[in-house]
Amino acid sequence: MMHRHLGKVVAGAAIAVTATAVMVGVTLPSDASGQERGAKGDGGPQGSTAEQSQSPRQRPAVVESAPEQGRTGTGRDPLTDDEMKRAQTIALTRGFRDSSENVTGGKGPQRLAVDLEELSPQEAAEADPPRRAEVSYYDYKDDTYVTKTVDLASGKVVHTDTQRGVQPPPTREEASEAVRLLIADKLGAGLKADYKDATSRALTGPDQLTVTGFVYRVDEENAGPAALADCGKHRCVRLFTKVVNGPWIDTRQLVIDLSDRTVHRLG
């Protein structure tokens, strides 16, 4: 139905994106052991109707609430919300904020992730191992990947690592900005037309789509057009786009260079 447009609506979940398994604590009844109970004296696998009617009714499963989170973790516990906020505050110094840019061109670097630092075997074996957070950023001003290591006990940045040509997966904010650039560009005409065909509404912003971004880089097997030669040095992404509660729209042939804010077509 949508073959005339660049976007090409893809029916169903034909494109595998990213799945996250969410585990929920479930309390089962005490007699749900998985073993079959035999009737008295008959040695069979199932009791009589009268005996079954006397067995206690099974209670419905109960979803347990998550335990209350403390301000700080211990050992190798995941970082608490308070620890992550504190690590970000310590890592983002005034000088770093004033000299860097985020994905929209605003002041301050683009935050990517906050993780608990991996310890050396010697530190991990200590009775009270240190807790350090790694706060990673992408600075669009000079296309650098910056990681700051924060000692949560002392409240100080103990190490800063700056690299070029390193492209971790884009964040949700970066994918949303890529959609904004695509909608505003002439190469986004097919996406907008397909969205209108699917919904009878105009596509005006990224909130109308479910989007997953993937890094695009140039290599020997994926040369791409000359305009994308800097991808890898620049932060370039491809998008999997889906109408919210609707079909997929194929935009895989489009590459958005977030560093110079341009849109290009592959092939």
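This passage walks through the fold, confidence and side-chain pairings of a predicted protein model.

Because the model is predicted, local features are reported at pLDDT of at least 70 and side-chain atom pairs at pLDDT 80 or more, while totals for chains, interfaces and linings use all residues. Residues are numbered from 1 along each chain as its sequence is written, and side-chain values use heavy atoms, with hydrogens and water left out.

The protein chain has six helices and 12 strands, where helices (H or I, at least four residues) and strands (E, at least two) are DSSP runs numbered from the N terminus. Of its 267 residues, 37% count as buried; buried means under 20% relative accessible area, exposed over 50%, and partly exposed in between, with a 1.4 Å probe and protein chains only. Among contacts (heavy atoms within 4.5 Å) in the protein chain with a separation of 6 or more, 56% are between residues 24 or more positions apart.

Confidence comes next. The average pLDDT (the predictor's confidence in each residue, from 0 to 100) is 82 for the protein chain, and 75% of the residues score at least 70. Over residues 11-53, pLDDT stays under 50, and the model has 43 contacts beyond four places in sequence for this stretch. Where pLDDT is low, the predicted coordinates should not be read in detail.

Turning to the rings, the structure holds three aromatic pairs. Rings of Phe, Tyr and Trp (its six-membered ring) pair if their centres lie within 6.5 Å; planes under 30 degrees apart count as stacked, over 60 as edge-to-face and the rest as tilted. One of the pairs brings together Y138 and Y140 in an edge-to-face arrangement, 4.9 Å centre to centre and with 65 degrees between the planes. Both Y138 and Y140 are buried. Another edge-to-face pair is made by F214 and F240, at 5.3 Å centre to centre and 65 degrees between the planes. This pair links distant parts of the chain, with F214 in strand β8 (residues 209-216) and F240 in strand β9 (residues 236-243), 26 residues apart. F214 counts as partly exposed because its relative accessibility is 33%, whereas F240 counts as buried because its value is 17%.

Charged groups also meet rings here. A charge sits over a ring if NZ of Lys or CZ of Arg is within 6 Å of the ring centre and within 35 degrees of the ring normal. The ring of Y138 has the charged end of R235 over it, 4.9 Å from its centre. In a second case, K148 lies over the face of F96, at 4.9 Å from the ring centre.

Nine are found in a search of the whole structure, each being a side-chain nitrogen of Lys or Arg within 4 Å of a carboxyl oxygen of Asp or Glu. Among them is the bridge between R261 and E177, whose closest N and O atoms are 2.6 Å apart. It joins distant parts of the chain: R261 is in the loop between β11 (254-257) and β12 (262-265), and E177 is in helix α5 (residues 172-184), 84 residues apart. At 36% relative accessibility R261 is partly exposed, while E177, at 6%, is buried.

R252 and D250 form another bridge, with the closest N and O atoms 2.8 Å apart. Here R252 is partly exposed at 33% relative accessibility, and D250 is buried with a relative accessible area of 15%. The side chains of D98 and K107 meet in a salt bridge at 3.9 Å, N to O. D98 is partly exposed at 40% relative accessibility, and K107 is exposed at 61%.

A disulfide is a covalent bond between the sulfur atoms of two cysteines. C231 is joined in this way to C236, with an S to S distance of 2.1 Å. The link of C231 and C236 is left-handed, with -85 degrees about the S-S bond, and both C231 and C236 are buried.

G73 counts as buried because its relative accessibility is 13%. Leaving aside neighbours within four places in sequence, G73 is in contact with T80, E83 and R131. The C-alpha atoms of G73 and E83, 10 residues apart along the chain, are separated by 8.1 Å.

Definitions and conventions. Disulfide = S-S within 2.5 Å.
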